[in-house]
Amino acid sequence: MRKLRAGIAMFAAAALCSAALGYGAGGAQAIAPPSTPSLEFANPDSQALFGTAYDEALKNLLQTNTIAADPARYGKSGLLDPDTGIVRAGGGYGQPWTRDASVNSWNATSLLSPALAENTLWAVVDKDAAGNLRVQQDDQQWDQVIWVTAAWHHYLVTGDAGFLGNAYRTAADTLAIREHATTAGFNPRYGLFTGASFFNDGIAGYPAPPADATESVSTGSMPWPGVSTGMFLSTNEVYYAAYTNLANMAEKLGRPGWEVTGYRVKAAALKTAINKHFWNAETGSYDYLLLADGTTGAYQEGTGLAFAVIFGIANPAQARSILAHTTEMPWGIPDTYPNWTRYSDEQPGRHNAIVWPLVQGLWAKALSQQGDQAAFASETARLAKLAGNNSGFWEIYNGNTGVVDGGWQRLGDTVKFHWGSEPDQTWSATAFLDMVHSGLFGMDFTDHGLSFTPDLPAGWGDVTLRDLHYRDADLTIALHGAGTRIRSFTVDGGNVPGNDIPASLRGKHTIDITLTGATAGDRDGDGVTDARDLCPDTAGTTALHGCPDPAHLEAEDALNTGGVKTNVNHTGYSGRAFLDGLWAQGASSSFTVHRTTAAAGTGTLTLRYANANDDARTMTLSVNGRKVRQVAFPKVSGSWDSWGTVTFGGVPLTGANPVVTLSYESGDTGSINLDWLEVR
């Protein structure tokens, strides 16, 4: 359900309007972004896919969703810096929200803008009547607990001892509250914590039971007795990580040994209980749920499986088994799986058999940590494509089609909601940033420094991350070759022992890492191995290099910006979707045309489109950023379910991979839908 309360439509509309104007909740003016790194691939197709997504993710986090701090609203901890911004949850969600603040800091903000991350973490902390720091209290206990992991990670990235002292007090008080809670507290019978799962705050994320066939009680999860008293995999894993990291904090701060040991004992007991009650030897994976009456559920929970690997709850054999037995949908790992009986592929639940990028990001972290290069590459490419095909990072996507889709929920027999999927979601963007930082470049932060275990798939080409700030160092990190095994590791041209740099490093430095051992796979299944495929993440038939045949390019596979996105709300289209959103200036769709020659020439373009307006509509045609001419799309019929074609000749094409763009420029009238493009 993602935190939407009453007044859904009014709240979302107001928040979207403020976001469009560059303002956050309450009209707070957006904060100027800090200096940002850049990602550069030698392979132009990789740059178009991954480099573009990285730039968009940086913009999402550091510009669109960075807003001014409001001390009256977010300064209850007494630690908020009013001159530093905070990160809101995204379009439609004008607040930082506890879980979002934590995940976004953990994923990317602590590295890219430490002051911004710290302020965002303090924005969701307040004080009790006695003045003790605590994560703000509400009915969403999983939000409070994940904060601890984000805070420890922030310390590892920054080395800020002052922050750590306050974070420890906050974390310890918050965990004590949770341990003694009467609702969503500790169940001594099982040795597990009760309450909704980490990600599923909507009842659509649960089978029946604990739900019923019509979701008759509430669209939220905690009002359901079976959820509030039930035990779920991901939530207990988050508690395990919190105890582990609280022990780490206590040890670093020199707290008494019994204090450190106490937290480690609680973590160990919880890990044992998780493996006892959730591990299913028959399925080779972890169950999703355990209800208070002992009912178990051998369902797949994406965040739960990811956390089992990331936090080390699964032993090596279990981790391998999880990866072998996890089902992924065509567009990524789903939140929960399979469809509950009250949902279907045609109407997926909002938290069931549907793809949330945040879950994808956690799963990719687990895949990379396990060295599953092909699976990591596929998950990362999927999210990059979802962003590229839909003008940025949305909240939720259909797992079968990749179309922006908020999913379904019910409230009784007669009311069924088809929810919207909000644009500009911060944790969707930071999920991709983490795929690049901790996955592709393999960054791992410790108290002593920064280590690297990169994962560069075959076919992506050499890649460089420039101007990355780590503590007092300004780093340029270059990956060469392909694979997961490091053949050489140099800093400023000199070999160094190990694959890490010390936390004390200062100034500008260049790190070069050469990799080997790439998986000889065929991720897109087009018969061209990844090492020889110039388009290893897009199935194609063009001779020699395995790229899509320009004789037919589906519009939904284009790189889209300015609000253009995939849709399926009209009939008669081909492929998995069509494009809408070419409705305002700045909207554009770009198609990379992979030719078998680099020689200059001309081509003929045919486009299939829909135009139910009363007149012909115009767009601007460009090639490689150069305007060719304005082109017209005559009216097809009075129905958006009707499609026609139009052909434009004499289009200049130069180079092996020219980019053809249709855009809504000044003087154009736009407002068409696109289905496909053919180049001959």
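Me: Are Phe-41 and Phe-50 buried or exposed?
Reply: Both Phe-41 and Phe-50 are buried. Keep in mind that this is a predicted model.

Me: What kind of aromatic pair do Phe-41 and Phe-50 form?
Reply: Their pair is tilted, with 5.8 Å centre to centre and 40° between the planes.

Me: Why is the pair of Phe-198 and Phe-307 edge-to-face?
Reply: The planes of Phe-198 and Phe-307 stand at 75° and the ring centres are 5.2 Å apart, so the pair is edge-to-face. The cut-off for that label is an angle over 60 degrees.

Me: Where in the chain do Phe-198 and Phe-307 lie?
Reply: Phe-198 is in the loop between β7 (192-193) and α8 (225-228), while Phe-307 is in helix α11 (residues 302-310). The pair therefore ties together parts that are 109 residues apart in sequence.

Me: What is the relative accessible area of Phe-198? And of Phe-307?
Reply: Phe-198 has 1% and is buried. Phe-307 is buried too, at 0%.

Me: Which residues do ring pairs link into a cluster with Phe-198?
Reply: Trp-106, Phe-307 and Phe-311 are linked with Phe-198 by ring pairs.

Me: New topic, charges. Which residue has its charged end over the ring of Phe-198?
Reply: That is Arg-99, whose charged end is 5.9 Å from the centre of the Phe-198 ring.

Me: And what lies over the face of Trp-394?
Reply: Lys-565 does, at 6.0 Å from the ring centre.

Me: Last one: how many aromatic pairs does the count come to?
Reply: The count is 29 aromatic pairs.

Notes: Residues are numbered from 1 along each chain as its sequence is written. This is a predicted model: local features need pLDDT of at least 70, side-chain atom pairs count only at pLDDT 80 or more; totals for chains, interfaces and linings use all residues. Side-chain values use heavy atoms; hydrogens and water are left out. Rings of Phe, Tyr and Trp (its six-membered ring) pair if their centres lie within 6.5 Å; planes under 30 degrees apart count as stacked, over 60 as edge-to-face and the rest as tilted. Buried means under 20% relative accessible area, exposed over 50%, partly exposed in between (1.4 Å probe, protein chains only). Helices (H or I, at least four residues) and strands (E, at least two) are DSSP runs, numbered from the N terminus. A charge sits over a ring if NZ of Lys or CZ of Arg is within 6 Å of the ring centre and within 35 degrees of the ring normal.
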